[in-house]
Amino acid sequence: MTTIPVSGRFDTLAAPDIKAALEAEFEAGTRTFVVDLSNVSFMDSAALAVLVSLMKRCRADGGDVRLIAPADEDAARILRLTRFDLVFDIHEPT
């Protein structure tokens, strides 16, 4: 299991770099991820697409993706509005 911290804005500009880091870990053999979003201040559809793509790849290969929810309420709200809380195992930040 690998924890990947993400901070700041997880949006269209940041998503390609984050996706590349996640894909590198996947290619290195990681199949279970914890994506730590606790320091994310904003998320958009590009961020959600990265998370769904990773989840599909991991689950198809016997792994999974867990999330640590953003501490910022505005960023956390997107996970509830899109029902990601029903698809992902989401933990509150500590």
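Contact here means heavy atoms within 4.5 Å. Helices (H or I, at least four residues) and strands (E, at least two) are DSSP runs, numbered from the N terminus. Axes are lines fitted to C-alpha atoms, for helices over the stretch in contact, and angles run from 0 to 180 degrees between N-to-C directions.

Do keep in mind that this is a predicted model, in which local features need pLDDT of at least 70, side-chain atom pairs count only at pLDDT 80 or more, and totals for chains, interfaces and linings use all residues. Residues are numbered from 1 along each chain as its sequence is written, and side-chain values use heavy atoms, leaving out hydrogens and water.

View A. Together, β2, α2 and β3 form a right-handed β-α-β unit (with the strands pointing away from the viewer, the path from the first strand over the helix to the second runs clockwise).

**View B. Four parallel strands build an open sheet.** Their order is β1-β2-β3-β4, where two strands pair if DSSP finds at least two bridges between them. At the edges, β1 (2-10) and β4 (89-91) each pair on one side only. On average, neighbouring strands are turned by 25° against each other, direction ignored. Helix α1 (residues 15-27) packs on this sheet, touching β1 and β2 (32-43), and its direction makes about 175° with that of β1.

**View C. Strand β3 pairs with β2 and with β4.** Five bridges join β2 and β3; here Thr32 has Asp64 as its bridge partner. Three bridges link β3 (residues 64-68) to β4. Look for Leu67 opposite Ile90, and for Ile68 with its bridge partner His91.
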